[in-house]
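Please read this report alongside the sequence and the model.

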Amino acid sequence: MYDSRENKRYQELAAKWLSRSISEDEAIEFANWYNRDQDQELEVPEHFAISEESHKKRMFKNIQQQIQPSPSRPILIRYRWAIAAILFISVSIGLLFYPILESQEPAQNFTKNDVSAGTNKAFLTLSDGTKLSLTDQKAGKLVEQAGVRISKGKDAQVIYTQMPGTSNKLEYHTISTPRAGQYQLNLPDGTKVWINAATVIRFPTSFSKSKERRVELIGEAYFEVAKDAIKPFIVKSAGQEIKVFGTHFNISSYPEDQSIYSTLLEGSISVNGYLLKPNQQSINNGKKITIVPANIENVMAWKMGYFRFDDASLEDIMKKIARWYDVEVEFQDTELKTLEFGGIVSRSEKLSKVLRMLELSTSMNFKLEDNKIIIMRKK
């Protein structure tokens, strides 16, 4: 049970949600509390509504006004609306959505084959081919090689520190995250890299003897590059190079995606000669590069611990889910791939909760068998 101070805090957030005055950060805090302990009861004070029945009617009216699914454009219920379930006294989430979903088939029971979310895990491959599981290593020094000390931090990060007497030999290391894995890398120049699932990054152990700081990337990573006016930082991925002297940006370059997405948050970068300003994104489809306004919240959601989509196709959504939960995906009807959704859900949730949220659409059912998600139309 919660203490009075915490209970009062969530009563305040509930009041803000009902009045639609809740901020983005407060809404995420509210959603986190619901996702953590959705079975807990929250006392609804009298000033919320004249009566519990009045309160319920107000809740349903708000939800029904905001959720308007159509056969051609189903949506994923956004977290602001989904969290309303906790405001009911001793009422479960299923009862909350019953008036809206009563014509739908019940969600599949995924409990038996449920899949846990990804975790902090990665592998470090040294220049001599030695492969270390960073997940299994204790915090502290891992190895000292060619004038560089490599350590594992307490918070799922591997740290490279330049030592006196650096070797002239140029050596390369590789960090790879498996599906359902993520990690952080601190390069010897002070650059920080957050690495998403199913990603490989190759880099030199020292930048002291080179005219540039060059790394290679397959997958997705967010960079906070240490400033160096003399040595540009270069990220090479399939078909493109990003050049920068110090900035914050995200690159998504998965082989199974049709394009490379490079998003600038701070500073400036050059993508194959195309200059980006903050809050811009380049889309490289292999034939041309297009510069568009960036949805920073969507791009950075993975680093902040969320899946977040705005009118994303189900195919793209399932690619991200498959990488994070290490599952396969099968569409029984390929037309379902183009359906678009918007919404947000924590990446720490089990797969079953993500699939149940998607099933709130009237268009499809999900089945989980032998680590494979099977997607089919509802009968």
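## Helix α8

Helix α8 (residues 351–358) is mostly covered, with seven of its eight residues buried. Buried here means under 20% relative accessible area, exposed means over 50%, and partly exposed lies in between (1.4 Å probe, protein chains only). The buried residues of α8 are L351, S352, K353, V354, L355, M357 and L358. Helices (H or I, at least four residues) and strands (E, at least two) are DSSP runs, numbered from the N terminus.

The model is predicted: local features need pLDDT of at least 70 and side-chain atom pairs count only at pLDDT 80 or more, while totals for chains, interfaces and linings use all residues. Residues are numbered from 1 along each chain as its sequence is written, and side-chain values use heavy atoms, with hydrogens and water left out.

Helix α7 (residues 314–325) has twelve residues, which should span 16 Å at 1.5 Å a residue; the end C-alpha atoms of α7 are 16 Å apart, which agrees. The expected span is 1.5 Å times one less than the number of residues. Buried residues in α7 are L314, I317, M318, I321, A322, R323, W324 and Y325. Just after α7, D326 has a positive phi of about 55°.

An open sheet of three strands runs in the order β21-β24-β23, with mixed pairing. β21 (328–331) and β23 (364–369) are at the edges, each with a single partner strand, so one side of each has no neighbour in the sheet. From one strand to the next, the twist averages 20°. β21 pairs with strand β24 (residues 372–377) in the parallel sense over four bridges; two strands pair if DSSP finds at least two bridges between them. E328 stands opposite K372 in β24. α7 lies across β21, β23 and β24, and runs at about 155° to β21. Axes are lines fitted to C-alpha atoms, for helices over the stretch in contact, and angles run from 0 to 180 degrees between N-to-C directions.

## Nonpolar cores

The largest nonpolar core has 38 residues, of which L185, F223 and F249 touch the most other members. A nonpolar core is a set of buried Ala, Val, Leu, Ile, Met, Phe, Trp, Tyr and Cys residues joined through side-chain atoms within 4.5 Å. Strand β11 (residues 213–224) gives the most to this core, with four residues.

Not counting residues up to four places away in sequence, L185 touches V158, Y160, I175, T191, K192, V193, I195, I201 and F203; contact means heavy atoms within 4.5 Å. Another core, of 29 residues, lies apart from the largest one, and A312, F331, L355 and I375 are among its members.

## Hairpin β18–β19

Strand β18 (residues 280–284) and strand β19 (residues 289–293) pair in the antiparallel sense over five bridges. Q281 stands opposite V292 in β19. The two strands, β18 and β19, form a hairpin with four residues between them, and G286 in the turn has a positive phi of about 95°.

S270 is found in strand β16 (residues 269–271) and counts as buried because its relative accessibility is 17%. Leaving aside neighbours within four places in sequence, S270 is in contact with E241, I242, K243 and L275. The side chain of S270 reaches the backbone nitrogen of G273 at 3.3 Å.

G273 is in the loop between β16 and β17 (274–276), and counts as exposed at 59% relative accessibility. G273 and E241 are 32 residues apart in sequence and 8.7 Å apart in space, C-alpha to C-alpha.

Conventions
A polar contact is a pair of N or O atoms within 3.5 Å; within protein, one must be able to donate a hydrogen and the other to accept it, and residues adjacent in sequence count only if both atoms are side-chain atoms.
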